[in-house]
Structures are given as structure tokens and as C-alpha cells.
Amino acid sequence: RRTMLQVKDKFNSEQIYLLESYSIELDNDTDYTDDELMNIHDKLTDAYLSNAFDRNGEPNKKAKIFEQIIDIFYDEFGI
């Protein structure tokens, strides 16, 4: 099993603020398991689908930040 420390450092302050606004807290001292990261990713994608688009289905300001975070999960954690 790989070690997943310093997870919070992968994100910038704007991304962390968005995550925290949806009660997704990341910690640098936690050694996250793949399951824990998958659960965070699930919360993230649920928040994205519910909050990143306007009534007409157009992306809002949060959409780009959500997409950056989702890309980091893919690039850094393989999720």
C-alpha cells in the first residue's frame, strides 16, 4: 500500500476553501487509504454535480475550481 501523506499540500488555498465549504476537510498528517480518498472523491463529485452549474446547466464560477480538484485526484491519487 502506498503512503498518502501531505494530501492537503496538493491543493491551493482557493481549492481548499471550496472543499471546506462542502465539509471536505483534508489533513497533511493523515495517511489516507485508497478507500478514504475514494470517499472524499465521491463527496467532491456529488458537490460538483449539485453546485457547479446554473439552472440552465451552464458551468458557474465554482465549476472550474471543482474540475481542477477532480484533476488533482486523478493525477496525484489515480482516482
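Helices (H or I, at least four residues) and strands (E, at least two) are taken here as DSSP runs and are numbered from the N terminus. The structure is a predicted model, in which local features need pLDDT of at least 70 and side-chain atom pairs count only at pLDDT 80 or more, whereas totals for chains, interfaces and linings use all residues. Residues are numbered from 1 along each chain as its sequence is written, and side-chain values use heavy atoms, with hydrogens and water left out.

Helix H1 spans residues 13-21, and within it Gln15, Ile16, Leu18 and Leu19 are buried, where buried means under 20% relative accessible area, exposed over 50% and partly exposed in between (1.4 Å probe, protein chains only). These residues lie on the same side of H1, because they cover an arc of only 160° around the axis, the arc being that of the directions from the helix axis to the C-beta atoms. The face of H1 turned away from the buried side carries Ser13 and Tyr17, which are exposed. The cover over the buried residues of H1 includes helix H2 (34-51) and helix H3 (61-77). At its N-terminal end H1 is capped by Asn12, a side-chain oxygen of which lies 3.1 Å from the backbone nitrogen of Glu14.

Most residues other than glycine have a negative phi. Gln6, in the segment before H1, has instead a positive phi near 60°, and with a relative accessible area of 38% Gln6 is partly exposed. A positive phi near 60° is likewise found for Ser23, which follows H1 and belongs to the loop between H1 and H2; Ser23 is exposed, with a relative accessible area of 55%.

Two packed helices are described by the angle between their axes and the distance between the axes. Axes are lines fitted to C-alpha atoms, for helices over the stretch in contact, and angles run from 0 to 180 degrees between N-to-C directions. H1 and H3 pack at an angle of about 100°, with their axes 10 Å apart, which makes H1 roughly perpendicular to H3; angles of 65 to 115 degrees count as roughly perpendicular, those under 35 as roughly parallel, those over 145 as roughly antiparallel and the rest as oblique. In this packing, Glu14, Gln15, Leu18 and Leu19 of H1 meet Lys62, Ile65, Phe66, Gln68, Ile69 and Ile72 of H3, contact being defined as heavy atoms within 4.5 Å.

The axes of H2 and H3 come within 10 Å and cross at roughly 160°, and the two helices are therefore roughly antiparallel to each other. The contact between them is made by residues that include Leu37, Ile40, His41 and Leu44 of H2 and Phe66, Ile69, Ile70 and Phe73 of H3.

His41 is found in helix H2 and counts as buried at 13% relative accessibility; not counting residues up to four places away in sequence, His41 touches Ile70, Phe73 and Ile79. Leu49 also has its place in helix H2, but at 61% relative accessibility Leu49 counts as exposed. The C-alpha atoms of Leu49 and Phe77, which are 28 residues apart along the chain, are separated by 21 Å.

Conventions. A polar contact is a pair of N or O atoms within 3.5 Å; within protein, one must be able to donate a hydrogen and the other to accept it, and residues adjacent in sequence count only if both atoms are side-chain atoms.
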